[in-house]
Amino acid sequence: MDYIGEHLLPGKLGHFFSILSFAASFVATIAYFKATTGKTPEEENSWKRLARAAFAIDIVSVFSVFAVILYIVSNHLFEYNYAWEHSGRSMSMKYLLSCIWEAQEGSFLLWTMWHCVLGTILIFTSKKWEAPVMTVISGAQLCLATMIMGLYFFGGKVGINAFLLVREKFAEGPMFSRPDYLTLPQMQDGQGLNALLQNYWMTIHPPVLFLGFASTIVPFAFAIAGLWKKQFGDWTRKALPWTLFSCCILGTGIMMGAAWAYESLSFAGYWAWDPVENASLVPWLILVAGLHTQVVYNATGHSLRATYLFLLLGFLFILYATFLTRSGILGDTSVHAFVDSGMNLQLILFVVVFLVPAAWLFISRYRKIPHIAKEEATDSREFWMFIGALVLFLSSMFIIITTSLPVLNDIFGKKWSAGEDREFAYNRIEVFIAILLGIFTAITQYLKYKNTKKADLLKKIALPTAIALVLSILTSIFGEIHYDKYGAGFLAAIHLAVFAAIYAFVANADYIRTGLHGKLKAAGGSVAHLGFGLLLLGILISSSRKTVLSYNTTGINLNFDPGAKENPMENITLLKSVKTDMGKYWATYIDDDSVDTRTKMMFFHVKFHKKDDGETFDLYPNWIRSTKGQESISANPDKHHYWNRDIFTYISASNTMDQREDTAQFRNYPVAIGDTIYYSRGFMVLDKVALNPNDSKHHFSSTDTALMAEVRVYAKDSTRYTATPLFYLKDNIPHFVADTVFAQDLAIRFNRVFKDKIELGVKESSAMIPFVALKVYEFPHINLVWFGFLVMMTGFVMSIYRRYKLAA
């Protein structure tokens, strides 16, 4: 059948370049392997020329695939499943770019593109290490190329075809029996980027994070090259700037994700120990451990074996993280993971292809790796740097084992879990890791390589230790750190960690002054450690002093779904246009506005008025309905920033997202004092009828004619409410003032009076008055987290520049 309106050429070109990328990377891998094993310089150079040409073709192919996909989505060619499933006509260019890496195949492509960039740099800079290092990188390109091929071999699918047509994916659909199916309404627009991902962070966070993922292969490849060529220690200086670069970029990607979570997710923080977060953190911790042992080896000859282990494991855990996050195995435990795409075997093989040769080379040549038999002196810098690296490694192992419980459960048929309180399961261990790392970071740099005179050390650290001790005591006393949720022991650990963080900051600042005599060119490590101290201090204070401001004093308590894990008493109910007392603030729900009716993104305007100084500010938290998969609503927060704290808000409940016309009618009941009326969620009793009430709400005199019924409402959950509907005459005209029990979606009206009874009208409706439930937190000194991170990354950049100059 000839289909009308299809544009098949882009898909054919894209698939051709996908296959060409696979072929070119295969040739590059073989040619670089032969160049590495060449017996003469002529043979090596001959194979190297072929390998470079093949890698160049791979680069052209990979970027051509990306260009074709971008062309398809930007020109809205919805005959292609990629465009139909991930893009839409209303999306701006930044989201059209973002939708490319929303898909699994697009994220693999992004990873491959960064390998192309890094490989090009290595071809021009790695000199004698080019052939073995590029063998590893070309091999990785070969594996990644299979992820986007989308071919079938012996009935099994290899990769995902990014150029699959919609009619090919849904071949059984009756609409595709028509040659003009593209004219059907459902083909005029795509499903669009998931509304939950329509955030500017989606444009910048994945590219940086995947550059971090891709960069871990470089120190891994140098380590493989050293083992392969049996030049065990020659590569470490050349590779050190790359290890620093990988730690810097991967760390930046991780913290960008933390900032995105803080800005866009409602778990009220920047880190929730989510399995996908952990899967990226673990390789970073191992790489940082490897970085420190690499520095130790370059300075003293110690810790080369540990350096091999850490750098090899850093990349291998990136591959393992790829399996965890893309296999679907974390689907029930993570909000970030991909769903199962049927590539689990291929993902496992991706890990095995690198794990087996790396393990074989490391184990078989372990004894040949140079090792100084004499152990490091316990008063030497290298000893404590190694201990610090070991602590980082053990921390990473604890995190990855706990994160991998779903995998272990599948293997052993168990039901292990971290418990209901996942965050505390990690924090109770990691707080002690933080204490050790803070103290090591403060003291170790004052030690000398080989050995240190104790008297000199004590003299050098006396002042920063005293300053840190005083500052930490003042912080603990006046900083109002009283986080006793998990008992006195955990609170004591937090105070120790505060001291360790301040100690790291003060000691490193002092070391730059005294140890380096203010020479900033050599201070990259100290600046990074100083930033780590600030980052750690910000994490401790902002987390332990996080305060709920939205305690509900309105008497309108909502019944949250148990899965929401929301405490009704910590979510204040705001009725539209009603100024409500919220402790230090008045809060008023002003209005709401749907800015995108297709995705149903709704912003809620909430005005805050500070009681003590009269300051006012407006926040606009929003709700976004997921446009893909199971329909759900995500609460995106908004924040008001001060220099020393953030006011963090999100909407936890509302009846406005699907606000509809109120068609419910009042049902009339004649009742006497003590009579009962039943409604769907409980019953109500008429307690009394007051003549001309005069209280804080009503002001009638003896000359007026007004009756107020006092009705006691009893809900099924045993909650009690009081409603006071009113009837009065003014200028001989009757007026009815209904009262509303919002928590029960109930309105009660005083209709009329009989001889010994009155008539009440009762209406049940969820569409009466708009309301929201608002959660508000105060995060003290949250800016220390972001500032500390920026300082730490500045230290990494300074170190990269210095080490690059030294290695040149």
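Predicted model: local features only at pLDDT ≥ 70, side-chain atom pairs only at ≥ 80, totals over all residues.
Residues are numbered from 1 along each chain as its sequence is written, and side-chain values use heavy atoms, leaving out hydrogens and water.

Let's start with the overall layout. The protein chain splits into domain 1 (1–170 + 180–198), domain 2 (228–334 + 341–418), domain 3 (423–545 + 781–808), domain 4 (571–660 + 772–777) and domain 5 (667–763); these bounds come from an automatic or database domain assignment. Between the C-alpha centres of domain 2 and domain 3 there are 22 Å. Domain 2 puts 41 residues into the contact and domain 3 puts in 39 residues, with contact meaning heavy atoms within 4.5 Å.

Now for the inside. A nonpolar core here is a set of buried Ala, Val, Leu, Ile, Met, Phe, Trp, Tyr and Cys residues joined through side-chain atoms within 4.5 Å. Buried means under 20% relative accessible area, exposed means over 50%, and partly exposed is in between, using a 1.4 Å probe and protein chains only. The largest nonpolar core has 221 residues, and Phe220 and Phe354 are among those with the most contacts inside it. Setting aside neighbours within four places in sequence, Phe220 is in contact with Val136, Leu311, Leu312, Phe315, Leu316, Phe354 and Ala358. Another core lies apart from the largest one and has 28 residues, including Val671, Tyr679, Val711 and Ile748.

On a 1 Å grid over the protein atoms alone, a cavity is a set of points where a 1.4 Å probe fits but cannot get out, while a pocket is an open set with protein on both sides within 12 Å along at least five of seven lines; lining residues have an atom within 4 Å of a point. Grid points are joined across faces, edges and corners, and a volume is the space filled by probe spheres set on the points.

The second largest pocket has a volume of about 410 Å³. Its lining takes in 17 residues, with Thr135, Val136, Ile224, Trp228 and Pro357 nearest its centre. Helix 13 (344–364) is one of the elements giving two or more residues to this lining, and helix 13 has the largest share, six residues. Helices (H or I, at least four residues) are DSSP runs, numbered from the N terminus. Domain 1 and domain 2 each supply at least three residues to the pocket lining.

As for cavities, a search of the whole structure finds two of 30 Å³ or more. The second largest cavity has a volume of about 30 Å³, and Ser18, Tyr82, Glu105 and Phe163 are among the residues lining it. Helix 5 gives the most to that lining, with three residues.

Finally, here are two single residues. Thr403 sits in helix 14 (residues 381–403) and counts as buried because its relative accessibility is 3%. Not counting residues up to four places away in sequence, Thr403 touches Pro275, Asn278, Leu324, Leu330 and Tyr426. His205, in helix 8 (residues 200–215), is buried too, with a relative accessible area of 11%. With residues up to four places away in sequence left out, His205 touches Gly253, Met256, Gly257 and Trp260.
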